[in-house]
Amino acid sequence: MPPEPTERRVVVTGPPRRTGRAFGYYRPRTEIDEQTTLGHTYVRSLMRTQLRAALTVFAILVLLVGPLPLVFATAPDARRLEWLVLGFCLYAPLVLLARWYVSRAERNERDFVRLVEDR
């Protein structure tokens, strides 16, 4: 009997041809586009963090501006004080508060995009 031929192994070093998804793999962007429960949860978490930032700014604003009518009522005949406080002393904290809110909102959106992207 002739000897049996040995099988020869071939090693393929090219890129894989399969591009299908692996089992259990999901893309958050697809979940959001298809409006699934998971996608809804992603969007709801973004909205919750944005709302938290907005409520923080609102609370600071109420604490900063809310007592001013009482301060002005206790100091009658102080028109200059009112203009000084409203025009100069309140402007800088409001600008700083607005800048903080915008930077916080942008950071929340960047974090959300980083979560949704496949990186």
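Helices, as the term is used here, are DSSP runs of H or I with at least four residues, numbered from the N terminus. In this predicted model, the protein has 5 helices and 0 strands, and reading along the sequence gives the pattern α-α-α-α-α.

**Overall surface and contacts**

- Of the 119 residues of the protein, 16% count as buried, and the accessible surface comes to about 10800 Å², with 61% of that area belonging to carbon and sulfur atoms.
- Among the contacts in the protein with a separation of 6 or more, 67% are accounted for by residues 24 or more positions apart.

**Helix 2 and helix 5**

- Two packed helices are described by the angle between their axes together with the distance between the axes.
- The axes of helix 2 and helix 5 come within 10 Å and cross at roughly 170 degrees; because angles over 145 degrees count as roughly antiparallel, helix 2 is roughly antiparallel to helix 5.
- On the helix 2 side, the residues that make this contact include Tyr42, Leu46, Ala53, Val57, Ile60, Leu61 and Leu64, while those contributed by helix 5 include Leu94, Leu97, Trp100, Tyr101, Phe112 and Leu115.

**Nonpolar surface patch**

- Leu61, Leu64, Val65 and Leu94 make a nonpolar surface patch of about 240 Å², and the largest share of this patch, 3 residues, comes from helix 2, which spans residues 37-65.

**Salt bridge**

- A search of the whole structure finds 1 salt bridge, in which the side chains of Arg114 and Asp111 meet at 3.2 Å, taken from N to O.
- Both partners lie in helix 5, which covers residues 91-116, and Arg114 and Asp111 are 3 residues apart, about one turn of the helix.
- The two partners fall into separate accessibility classes: Arg114 counts as exposed because its relative accessibility is 55%, whereas Asp111, at 37% relative accessibility, counts as partly exposed.

Methods:
Residues numbered from 1 in each chain as written. Predicted model: local features only at pLDDT ≥ 70, side-chain atom pairs only at ≥ 80, totals over all residues. Heavy atoms only, no water. Salt bridge = Lys/Arg side-chain N within 4 Å of Asp/Glu carboxyl O. Helix = DSSP H or I, 4+ residues; strand = E, 2+ residues; numbered from the N terminus. Buried < 20%, exposed > 50% of the residue type's maximum accessible area, 1.4 Å probe, protein only. Patch = residues over 30% accessible without salt bridge, like charges linked within 9 Å, V, L, I, M, F, W, Y side chains within 5 Å. Areas by Shrake-Rupley, 256 points an atom, 1.4 Å probe, with all protein chains shown as cover. Contact = heavy atoms within 4.5 Å. Axes fitted to C-alpha atoms, helices over the stretch in contact; angles between N-to-C directions. Parallel < 35°, antiparallel > 145°, perpendicular 65-115°, else oblique.
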